[in-house]
Amino acid sequence: MSALRLRITMPALAVCLGLAACGSGQSILQAGNEPPPPTTAAPSTLPGQTTVPTLPPTTLPRPIDSLPGCDVEALDIAAAGGPVEIVFWHGLSNELKRELERITDEYNSSQDRVRVRLEAQGTYEDNIDKYLQSNTDNRPDLVQLPEYAVQLMIDTESSVPVQACMEDAGYAAAELLPAALTAYASESVQWAMPFNVSNPVLYYNRKVFRDAGLDDDKPPLTLAEVSAYGQQIQQTGAASYGISLDSAPDGGGGWFLEQWLAKEGELYSDNDNGRSAPSTRVLFDGPTSVALLTELQQVVTTGGGVYVGENPGGQDHLLKLADATTPAAMTISTSAALGPVLKFVEGGIIPGIGVEDIGIGPMPSPNGAPGALIGGASLWITAGHGDAKAAAAWEFITHLVSAAVQSQWAAATGYVPVNSGALALDPLQSVYADDPRFRVAYDQVAQAPDDPTFAGPVIGPLREVRVTAAAAVGKILSGGDPATALADAAALATDLIASYNATRPSN
Amino acid sequence: MPFEATVVVNRSTMQDLGWLNSYQGLAVPFLATAFGTFLVRQVFLTLPKELREAARMDGLGHLGFLREVAVPLARPTLGALALFGFLSTWNQYLWPTSVSTEDDWNTVQSGLRALSLAELDKPNLVIAGTVIVAMPIFVILLVFQRQLVRGLTAGAVKG
Amino acid sequence: MTRRGPSRVSSHAHGRSHGRARRDWGLAAALLAPSLSILGVFVLYPLGRAILLGRQRCDPSGDNCRTNGWHQYVDVFRSREFQQAFGVTFRFALMTVPIGLVLGVALAVLVDKQLRGMGAFRTIFSSTVATSVAVASLMWFFLLEPSVGVLADWIGGTAKNPGLLHSEGTALWAVAVSSIWANLGFTFIVVTAGLQGIPADLYESAYVDGASGWMRFSNVTFPMLGPTLLFASVVLTGRAFQSYGEFDLLTGGGPNGSTTSLTYLIYGNNSLIKNDQGLQSASAVLLFIVLLALALLQIRGVEKRVHYGN
């Protein structure tokens, strides 16, 4: 019996002993890299091996002729023989998914030129993974990808830039939101078409605000106010917590940090957020970030806030408002959650709370500055599937960003309309007039100044960089030292950028 | 043999074969397993040599012996192996998620993952999904309990 | 191990024609071909390919790779991330395997009596076999999630805020509980079968010798279950080291990497190496080596035991 137990524990012990001795303390991203040479010998290049790249000093405008072209008339010819079928991968879920399905069905039955087949891949991440793993034949004709995938997509060299189609079709982009276009443009090329634009807004429970003696028409704008409100909410017993905070990469951990730095007028990465030349390092470990996250930490420690964790499902921070026993009164979440949240509340899931009790305010920040970065996702046309498919994808894109469709889309979801014409059309016109909550995200975009900080970072491994930033925010919100956590994360993020740049196809 | 170690390469093989989103892609890697081969071989080794000689007298060749004698005698093991294979493929999670890019090719497990991602705020819906996915195996458990036990314990024989 | 092959051949009459032997070989090859080609294409080839890929670093689309050499394996193994994930995986196995075995044995011994109604219990205890990893994980998710979970409300404290799955100290345990539960049916079935294989006269003689219930268990049941337990532990260890779905659905590798297992480091949503096939392959091959080493150690355990038994 003891011999048996020994059999099981012996290997365990052996490996554990091995473990303690063999850690290098280095990041896995350093694996395979030669240690820096002690002398400055001339770099030798072995056959088939690339040297550490030297990046061009500035990002030159990329000539559109050097990229896959777009022939919109190819659809007219192809559609004469029956509708052209295109496959469209998206990463939406819930009410957002259903609204996209409704719009697509309507489009399919409204004309005979294009048939769109929707394929939900799960999350944006699944969408990116599947796209990267697939070869040209297995990629969809059209794919919806989030703002953090811009540089990654450019470097796959697998897309027809929408600019090629815009030029070929003589498409007037005048009605499209300039900030949204800018987010998906770099090197003077419009790579993708913004479709669903969102930004973080404050969700709050008006009833709790009233119970706590707060003015429920005046949501907090600064982090100091968030703390003061939170204290009052706790002291009056109106709710268990003030604000609920998460540290998801696409939420409170990564995305919000990008937003907050922009609101503070700070760059996220060097070379103007990677827009004047490829970024080589991140800047989120500076004094502004440390002060910002110290204040955010205090919101949890002394401001009545509650940290709900890494929020893998993306809903924990919102669900905390619906918690039956220890609810919070506020949270920050994407404006795209507004439609789903109202549907959720309408179902009577929180006793005594109706849809009118959900308040929406601008995203609070250290100094209460207005404005927001463009979040959400854009539409990319896959190259190599023939002119007809690309033209069909383009035609569907023009439908999705038309004033009429954007009006329905924004009214049903909470996304910001990318077409200003949508503002003058119902249903959005009356929704914005009757329900100012839907307008908050739009106003944040409109108030953003036109400078590089508000154009957002373009970094190849931005998703992974976000994961490291999110890990730091998570540590800080659970009581870690802000300066240390941010410095560690920034070092890792800089490793990520270096690794990425070392295997870039252009080098 | 941990299949998890080879998912990356196998997925790209499937892509080269054009087998993404297909039954071949989902199933072919699991049509032959070292475990199954080992198990059936163990049974065949227990067949007495006299049986083979007798079959030869009756004019049975190798294939005839296999069809008329060996396989029928190994039937309990084959049944157990079939159930074991059914269970383990039914429960696969990473592989079906990797080789399908269309909803139509979600297996129950990857479909359940998709459902949970799409409707996480509707626990009732997701739980209904989990019950539906668990039911067939539960029925199999009730009907084929003995074979299932044999299938799961088959590996212990070699110990 | 006996080498029966040659002696068997020599016992055969030598007069048989070479043509017949060749036909036999042809038939054997034809019968083996399907299995061998599948094993070759989907097991051996990818393993070899992964071993070679593990020396490289690749761009996200995998088209552009740079070969660094074998020392990349050493670097990966020694890296912070791998070490942490290795530790997590190891702790996960140490939590799930022994507890799973103890619970499985306890339940099996409990119902190993020829009493009325035991069949129903047997079915109930076996029933978690019917729950796949996705089913089990989602059920536990909705039990433990603070905002909706019944268990979270009952337990209170950490379970409520931030929640067992969201607290660094408890997340791995919470995932382990789900995994132990999901594997309990398997362990129960295997151990029950093992118990039924123990000859009744052993118990009778122990009973005659005046052994108490506990002594009968520790002197008869437990030693006789040896091979069964080793088999179960090999399978459970393998499963623990290859677990992926639990982590994907329950914690997403968090909080703070405390449930980032090796498989999750390689394939998970927040993986830092997911877009580098080289690092992915190196980690996967290392995982394979670890599993192989563990299996060999356990099999050696079996052989020693058999030897002791003589």
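# Two interfaces of chain C

Me: How is the interface of chain C with chain A described in this predicted model?
Reply: About 4,800 Å² is buried between chain C and chain A, and carbon and sulfur atoms give 58% of that area. On the chain C side, C:Arg57, C:Arg66 and C:Leu272 lose the most area to chain A, together 13% of what that side buries. The contact joins 54 residues of chain C to 54 residues of chain A.

Me: What makes the pair A:Glu125 and C:Lys274 a salt bridge?
Reply: The closest N and O atoms of A:Glu125 and C:Lys274 are 3.1 Å apart. The cut-off is 4 Å between a side-chain nitrogen of Lys or Arg and a carboxyl oxygen of Asp or Glu, so the pair qualifies. The count between chain C and chain A is two salt bridges, along with 16 residue pairs in polar contact.

Me: Which element gives the most to the side of chain C that touches chain A?
Reply: Helix H14 of chain C does, with seven residues. By class, that side of chain C has 20 nonpolar, 22 polar and twelve charged residues.

Me: How is the interface of chain B with chain C described?
Reply: The area buried between chain B and chain C is about 4,500 Å², with 77% from carbon and sulfur atoms. Chain B brings 53 residues to the contact and chain C brings 52.

Me: How do you know that C:Asp248 and B:Arg113 form a salt bridge?
Reply: Their closest N and O atoms are 2.9 Å apart. On the side of chain B that touches chain C, the largest share, ten residues, comes from helix H9 of chain B. The residues of that side divide into 36 nonpolar, 13 polar and four charged.

Me: Why are helix H8 of chain B and helix H6 of chain C called roughly parallel?
Reply: Their axes come within 9 Å and cross at roughly 25°. Angles under 35 degrees count as roughly parallel, so H8(B) is roughly parallel to H6(C).

Me: Which residues meet where H8(B) touches H6(C)?
Reply: From H8(B) come B:Gln109, B:Leu112 and B:Ser116, and from H6(C) come C:Ala134, C:Val135 and C:Leu138. The residues of this contact are four nonpolar, two polar and no charged.

Technical notes. Residues numbered from 1 in each chain as written. Chains lettered and ligands numbered in written order. Predicted model: local features only at pLDDT ≥ 70, side-chain atom pairs only at ≥ 80, totals over all residues. Heavy atoms only, no water. Contact = heavy atoms within 4.5 Å. Buried area = accessible area lost by both parts, 1.4 Å probe. Polar contact = N/O pair within 3.5 Å; in protein donor to acceptor, adjacent residues only side chain to side chain. Helix = DSSP H or I, 4+ residues; strand = E, 2+ residues; numbered from the N terminus. Nonpolar A, V, L, I, M, F, W, Y, C, P; charged D, E, K, R; others polar. Axes fitted to C-alpha atoms, helices over the stretch in contact; angles between N-to-C directions. Parallel < 35°, antiparallel > 145°, perpendicular 65-115°, else oblique.
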